[in-house]
Amino acid sequence: MVQPPRVSVIIPHLNEPDDLRLCLQSLDAQRTQDLPFEIIVVDNGSRDMPDFAPTSFPGVRLLRETTPGPGPARNLGAAMAAAPILAFIDADCIAAKGWLAAIVRGFDERPEIDFVGGDIRIRPAAVERLTAVEAYENIYSYRTRYYVEHHGFAATGNMAVRSDVFRSVGPFGGIGTMEDTEWGQRATSMGYLIAYLPDARVYTPSCSSFAELARRWDRHVAHEFREIRGAKWGKLRWLGKSVVMAASPPLELLRICKSDRVANWRERLLALGCVTRVRLYRARRMVGLVWHDNAAGMVDMWNRENR
């Protein structure tokens with residue numbers, strides 16, 4: 001008798017077939033008789049559909065969502081899911097051994113918890129010699145425990161939720177929103193409880209260059225500006241925030257020195273140099289938005305940067 005799935009793993013995809021294959025391999029390796037799960041890949045407009053997914057990996061369903069954005073892609077996967085737990089992972093992530101087991105165990109042991117966020121770590125090109133961007137991202141890019149415990153949301157590259165809770169909260173937002181932040185904070189405002197699962201870990205590639213890292217920050221900065229620009233004194237507060245941003249790098253020295261995500265002083269110095277460059281770049285972009293508001297164009301990234 002075929003057991004019904006305990007977890008539906010949902011993967012949005014856009015023009016990353018090689019990464020998707022590695023992701024599916026990491027999930028396929030976690031199949032056990034006592035933990036049945038299904039995998040739903042939702043393509044979001046790739047040049048070529050990843051048709052290898054259902055043919056090379058048993059139990060994988062391949063869907064297509066034409067509305068741009070990872071949020072709509074995840075929503076379609078959630079609508080088609082059959083399991084009581086929905087687990088979201090990005091196509092460029094690799095699930096660590098025991099990822100799914102840790103998620104199921106977390107929900108089983110804590111029935112009061114409604115959704116969870118797991119650990120996200122960088123997968124460097126060469127572990128023994130990090131680049132400046134990799135050293136920076138190791139410390140700053142995926143502060144998942146902080147997101148969960150201080151801001152009430154989980155990054156959708158490693159998030160799981162009870163399916164009935166997802167239906168109650170409603171779908172992720174579209175491409176014009178930071179869908180994981182908005183959904184998580186909507187859920188917590190409704191009284192649903194979130195928890196951090198350090199044993200549920202995935203690995204994601206680092207940005208390959210500062211230019212790629214800057215494009216990622218462009219989208220974040222634009223989203224923040226769109227939320228504040230219409231408020232009373234919003235632009236003035238925004239300019240004040242940009243000044244604080246530009247002055248902040250020296251204050252990061254203690255965090256970098258205490259971090260266990262870099263191994264030596266070389267990596268710490270690289271991280272300090274990169275965070276300084278990032279903060280100055282963000283401050284410049286913040287000031288630029290006040291004078292030339294092109295926030296709408298900056299947030300429309302998901303279906304452009306991978307084409």
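The model is a predicted one. Across the whole structure, a search finds 17 salt bridges. In general terms, side chains of opposite charge can pair when their charged atoms come close.

R61 and E38 form a salt bridge through their side chains, with an N to O distance of 3.0 Å. R61 belongs to strand β3, residues 60–64, and E38 to strand β2, residues 37–43; the pair thus links distant parts of the chain, 23 residues apart. The relative accessibility of R61 is 29%, so this residue counts as partly exposed. E38, by contrast, has a relative accessible area of 11% and is buried, because the value lies under 20%.

D43 and R64 form a salt bridge in which the closest N and O atoms are 3.7 Å apart. Here D43 lies in strand β2 and R64 in strand β3, and the two residues, 21 apart, again link distant parts of the chain. D43 is buried, its relative accessible area being 0%, whereas R64 counts as partly exposed at 38% relative accessibility.

Attention now turns to the helices. R74 forms a salt bridge with E179, and the closest N and O atoms of this pair are 3.0 Å apart.

Helix α9, residues 210–228, packs against helix α12, residues 265–291, at an angle of about 45°, and the axes are 10 Å apart. The two helices are therefore oblique to each other. The crossing in which α9 passes α12 is right-handed. On the α9 side, the contact is made by F210, L213, A214, W217, D218, V221, A222 and F225. On the α12 side, the contributing residues are C274, R277, V278, Y281, R282, R285, M286, L289 and V290. Classified by type, the contact of α9 with α12 has 13 nonpolar residues, four charged residues and no polar ones.

Conventions:
Residues numbered from 1 in each chain as written. Predicted model: local features only at pLDDT ≥ 70, side-chain atom pairs only at ≥ 80, totals over all residues. Heavy atoms only, no water. Salt bridge = Lys/Arg side-chain N within 4 Å of Asp/Glu carboxyl O. Helix = DSSP H or I, 4+ residues; strand = E, 2+ residues; numbered from the N terminus. Buried < 20%, exposed > 50% of the residue type's maximum accessible area, 1.4 Å probe, protein only. Axes fitted to C-alpha atoms, helices over the stretch in contact; angles between N-to-C directions. Parallel < 35°, antiparallel > 145°, perpendicular 65-115°, else oblique. Left-handed = near helix turned anticlockwise from the far one by under 90°. Contact = heavy atoms within 4.5 Å. Nonpolar A, V, L, I, M, F, W, Y, C, P; charged D, E, K, R; others polar.
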